[in-house]
Amino acid sequence: MKERFSYKLRQDLSCVKNKIKFKCCRIVFLTQDKMVMFESYHGKRCGDSVKAIYDAMILDDTFRDYTFVWAFTDPKAHEELAGNPRTILVKIGTPEYFRYYAASRFWINNVSVPDYFTPGRHQVYIETWHGTPLKRLGCDIETDSDPRQSKERMHKRYRKKGKKVSRFLSPSPYYSEKIASAFGLNSKQKKAFVNCGLPRNDVLFHFTEEDQAIVRQKLGIAEDKRVILYTPTWRDTDYNPGHGFAYKSPVDLEKLLRLLPEDCVLLFRAHHQNGLSGVIQSSGRIIDVTGIDDINELYIASDLMVTDYSSTMFDFSILKRPMVFHMYDLDDYKSHIRGFYFDISELPGPVTMTEEALASAIIDQLASFDYSTDEKYQAFDKTFHTWEDGEAAHQVIERCIAIAPHKPGPWERLVQNYKKLINRMRIVYCFARYNITGWFHKRGLFLGDNGRRLMEMKDLHKGKRCFLVGNGPSLTPHDLDLIQDEYSFGTNMVYKIFNQTKWRPTYHCVSDSIYATRLKDELYENIQSPLLTIEKTYRKMTKRVPDTTYVHTIASERYKVKGNLFAYCMVKATVLSLAAEFAFHMGFTEIYLLGVDCTNPHAAGGHFMENYASRDIAQSDISRIKTRMKKEDVTTEQIGEHIIDRSLVVYRLLKKYADKHGIQIYNATRGGNLEIFPRVKLEDVLDDKDKIQ
């Protein structure tokens with residue numbers, strides 16, 4: 001009783017404090033129609049239906065301009081998600097956590113959001129829940145076994161949770177009935193169910209034998225082994241104050257393995273309430289796979305599953321593989337801990353209570369199981385997977401997320417106008433700040449490390465010539481070998497040709513932030529020359545080339561050649577604009593373009609090599625272009641025309657600036673569409689070096 005009171009007091013005080021925080025955020029941070037908040041297992045994992053919906057949205061071009069926010073207890077453990085430039089990771093409990101929940105139009109969760117979060121009028125809360133229930137949940141629990149809270153308090157909390165939900169995803173009538181009962185939904189609230197299946201199960205309909213082999217290889221399991229997956233659930237009675245729920249199973253796994261054939265391997269996966277690591281010690285033929293986020297990998301890798309009362313039985317049954325139900329505490333669990341929604345005689349497999357019986361059942365099931373003749377298994381499958389078809393994630397997107405934008409109210413319009421004003425003021429401030437600080441930096445005053453590097457570069461190569469190297473299809477290793485003794489600027493992923501040439505650029509330019517986030521490792525490993533970039537990209541580089549110099553930029557559709565890197569530089573359409581400005585800054589008076597074809601980079605043969613950019617990088621760029629064009633249905637040719645037109649605007653302005661300042665720009669590219677600059681033949685330039693200089 002004392003523990004319950006203490007737990008209730010801590011929880012209530014924390015809830016009040018956090019409710020105030022959230023309400024304050026709701027005032028300032030308006031609902032963003034194109035922002036989605038994801039949280040799985042209270043931020044402990046990145047998995048379940050939440051991850052399946054995220055994966056489907058990432059691949060759907062409809063959501064190319066959406067922002068995806070993931071909440072974790074340890075964001076660093078999931079940094080691979082941040083490789084997508086549209087994905088943001090936040091730590092649970094931080095100000096950002098509250099801010100993004102307040103701003104996101106869609107909340108996608110699988111264990112219910114915290115009690116202190118209540119969605120606003122325009123927000124859509126999609127509850128995927130993390131399992132079809134055998135054991136009773138929420139308002140249906142009749143025992144008083146939870147040491148943290150009374151049965152009455154639990155029922156009250158579940159009813160409050162249910163009222164918040166906009167959409168429940170359901171795989172079957174059974175599921176809808178039990179979840180509605182568990183959350184105490186009234187007749188109106190029951191309309192929230194979407195009969196689409198559970199997105200986390202989609203992959204179980206589409207995997208291949210090759211996928212199974214890959215997972216087993218990753219787990220270090222030989223091809224000739226038979227894999228048994230053990231997924232015990234948690235017990236409400238195993239709560240330790242200050243530590244959470246402990247794993248206290250009396251099952252002797254070592255003894256079990258001794259009773260099984262030598263070719264059997266056991267995968268142990270604890271419930272997330274029992275922790276994500278260190279629940280048991282892996283030993284011999286026992287592998288602890290609790291730390292693996294995607295349980296579907298374990299399903300696919302396994303020949304048979306052993307569980308007790310866990311909802312994993314329902315998902316695993318989609319594979320039509322044998323199961324054994326080891327319920328060593330059946331009477332106690334049924335009468336004093338949770339109880340069940342249906343009689344265990346309906347389970348599609350033997351029920352055991354000792355290691356000996358369990359081993360015997362496993363051996364028998366591995367040898368004789370046949371789904372085609374198992375009527376009980378077939379009935380189980382029909383009951384619990386009525387609406388499962390492997391397309392649940394797409395149905396959720398179409399029916400729950402691809403909806404019309406909300407209509408802003410008076411307060412939202414007021415705040416929006418205020419933010420627009422602030423943004424305009426910020427741009428004016430940046431113009432003033434960069435020009436003023438640039439004036440001082442140009443005169444060697446108040447220089448930081450980056451400013452000193454820019455100062456050292458000023459007129460460093462005055463009167464010399466250089467080559468700006470693009471990545472067009474005309475670029476060849478031979479041409480690069482010809483200029484290996486010349487000053488040159490490489491761009492983007494030109495390092496992919498390094499294995500074919502001795503040439504290395506004097507400087508390397510990268511301006512696109514997509515490269516900074518997606519290719520941070522590649523850039524770090526392959527760029528050996530001083531790196532020149534813009535501040536936005538520099539800030540996104542978690543791995544930075546040691547000798548990196550950046551310039552300030554101001555976003556604007558009206559491009560102009562600033563000609564003063566101490567202040568700022570406007571980069572548009574092509575990284576060559578950045579390279580050219582640095583060349584001007586360094587005092588080069590003769591500039592030659594090489595590999596600058598000005599062709600469609602997204603068409604076949606758009607770069608000097610096939611698969612120059614990975615599919616996800618190319619798709620991100622295409623999505624960005626579509627957003628800029630404000631068109632959904634555009635062809636590759638139209639995208640190419642858009643890119644070329646923008647690039648030609650930039651090249652014309654570069655030529656105008658160069659002509660005004662006595663700088664000669666020539667096009668030494670073999671072929672291509674760029675006719676703004678005088679054409680020269682590379683061999684003639686190199687052979688006639690003395691005449692030109």
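Conventions. I number residues from 1 along each chain as its sequence is written. As the model is predicted, local features need pLDDT of at least 70 and side-chain atom pairs pLDDT 80 or more, totals for chains, interfaces and linings use all residues, and side-chain values use heavy atoms, without hydrogens and water.

Entry 1, nonpolar patch. I found Ile27, Val28, Trp411 and Leu414 forming a nonpolar surface patch with about 410 Å² of accessible area together. A patch takes residues with over 30% relative accessible area and no salt bridge, joining nonpolar side chains (Val, Leu, Ile, Met, Phe, Trp, Tyr) within 5 Å and like charges within 9 Å; a salt bridge is a side-chain nitrogen of Lys or Arg within 4 Å of a carboxyl oxygen of Asp or Glu. Areas are by Shrake-Rupley with a 1.4 Å probe, and for residues only the protein chains shown count as cover. Helices α1 (2–28) and α14 (410–442) each give two or more residues; helices are DSSP runs of H or I, at least four residues, numbered from the N terminus. Leu414, in α14, counts as exposed because its relative accessibility is 52%, and exposed means over 50%.

I listed Lys19, Lys23, Lys156, Arg159, Lys160 and Lys163 here. Helix α4 (151–164) and α1 each supply at least two residues; α4 gives the most, with four. Lys156 lies in α4.

Gly587 follows α20 with a positive phi, near 90°.

Terms used. Buried means under 20% relative accessible area, exposed over 50%, partly exposed in between (1.4 Å probe, protein chains only). Lys and Arg count as positive and Asp and Glu as negative; His and the chain ends are not counted. The place of a charge is taken as NZ of Lys, CZ of Arg, CG of Asp or CD of Glu.
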